[in-house]
Amino acid sequence: MARVETVVVEAGSELAERFAAVRRKTLELCAPLTPEDMMVQSCPEASPAKWHLAHTAWFFESFVLREYLPGYRFFHPDFSWLFNSYYEGLSAFPEKRLRSSFSRPGIGEVLCYREHVDESVQRLLESGPEPEALKRIELGVNHEEQHQELLLTDILHAFFTNPLRPAYLQKSAIHSDLPSSVFGDRNPLNWEQFEGGLREVGHAGDGFCFDNELARHQVWLQPYALAQRLVTCGEYLAFMSDGGYRRPELWLSAGWSAVKEKGWHAPLYWTREDGEDGGWSVFTLRGSLPLEELMDAPVSHLSYYEADAYARWAGHRLPTEFEWETAAEEEPIAGNLLDSGVLMPISTHLLQHILQGQSPTQWGDCWVWTGSAYLPYPGFRPLAGALSEYNGKFMSGQMVLRGGSCVTPQRHIRSSYRNFFAPETRWQFSGIRLAS
């Protein structure tokens, strides 16, 4: 979250354009969904699409409009608590696991709610608001981009749990007009060396950032190397074939307990339709695809424990978050992100085709699990009031991920961006970049 004292926001007209564009994008992502699709909550981590639509409107209403737009009229008296996610300082709120039971309000009323909030924010922007209001709007825009990614992640899990396994997008869109060689060529695992030394990490400059990216500070890095691409499905299959899920010596104790308790034997969304002798398929936002087509695509939807076990099996380790940030901070933000429209991890050959020959970088395809616990930086200060709950209260029992995924908006990501999840989390687009 942005440090209020230091962040300089865009001019009002630019912020208004970005606000409108982000709000439109969320609706565009919902366009392939039926009202019934938008009610599904298929796992405890997920939320229904309808709830995402309402909650992102709630955020602007709760933290911007009610404080900075004189005479603001609340759309509905119950929405201020019904669509609160976890802000204890604002109001009580329903249990997260109950969100799929919100059959009312209907999707039509939720869309009217969004229109009401949109018109009110635009009116506020046209009134020449004080700087703090502009900073809150920019925060809300970045918050909604986070929910765009969560919406797609949640829909993938919802469609996977549907026995019909419907596709969010048609499979053919990614295959049209592409040479078959982009799916089958092997790309060797090469390494890039880094000298290490005393480095500065954390957000720098006047652009937006979340509070967990501050304060910028120095860290000492030993010389290290990072793999130039992510671990592929084919490489992970070799780990599985070598008994990876049956060898306790490869796993952290908590990870081995998770393997036994949860029955893990493959990444989430990998299935065998014909039992042990059948071939693997991988469920994606474009439906089920044969693993043979994805052998050179990055493996995704792994927990931290699985990523760590694979790295140990491969004779390497996971990078620290500061090793990754140091490697990425000078690279342009280009890769398989939401803007590419692919919505699934793809091979480096296919990515180069899409990027018109540009070499893949540290960005996109999958969030990279790091070996770093999610903890506050020296000098960390959360925002005052209820907004202090955005990031700071989760700094326990979580691991840091870096780099963005195929459903992360490109404008949203940066080298200092810190994502975080519990180590057993698998429903995110999370993968492996090895370090040595």
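Q: Which strands form the open sheet, and in what order?
A: In general, strands are DSSP runs of E with at least two residues, helices are runs of H or I with at least four residues, and both are numbered from the N terminus. Two strands pair if DSSP finds at least two bridges between them. Here, three strands make up an open sheet in the order β5-β6-β7, and their pairing is antiparallel. The edge strands, each pairing on one side only, are β5 (270-272) and β7 (287-290). This is a predicted model, in which local features need pLDDT of at least 70, side-chain atom pairs count only at pLDDT 80 or more, and totals for chains, interfaces and linings use all residues. Residues are numbered from 1 along each chain as its sequence is written, and side-chain values use heavy atoms, leaving out hydrogens and water.

Q: How many bridges link β5 and β6, and which residue stands opposite Thr271?
A: Strand β6 (residues 280-284) pairs with β5 in the antiparallel sense over three bridges. Opposite Thr271 stands Ser281 in β6.

Q: Are the faces of strand β4 covered or uncovered?
A: A residue is called buried under 20% relative accessible area, exposed over 50%, and partly exposed in between (1.4 Å probe, protein chains only). In strand β4 (residues 224-227), both faces are covered: Tyr224 and Leu226 on one side, and Ala225 and Ala227 on the other, are all buried. Strand β4 also pairs with strand β1 (residues 191-194), in the antiparallel sense and over four bridges. Within this pairing, Ala227 is the bridge partner of Trp191.

Q: Why does Ser303 count as buried, and which residues does Ser303 touch?
A: Contact means heavy atoms within 4.5 Å. Ser303 is located in the loop between β7 and α10 (304-313). Ser303 counts as buried because its relative accessibility is 0%. Not counting residues up to four places away in sequence, Ser303 touches Trp264, Trp369, Pro423, Glu424, Thr425 and Arg426.

Q: Where is Phe75 found, and which residues are in contact with Phe75?
A: Phe75 belongs to the loop between α2 (49-68) and α3 (79-82). Its relative accessibility is 24%, so Phe75 counts as partly exposed. Apart from neighbours within four places in sequence, the contacts of Phe75 are Glu61, Glu109, Cys112, Tyr113 and His116. Phe75 and His116 are 41 residues apart along the chain, and their C-alpha atoms are separated by 7.0 Å.

Q: What is the phi of Tyr269, and where does Tyr269 lie?
A: Tyr269 is not a glycine, although its phi is positive, at about 80°. Tyr269 lies in the loop between α9 (253-262) and β5. Its relative accessibility is 1%, so Tyr269 counts as buried.
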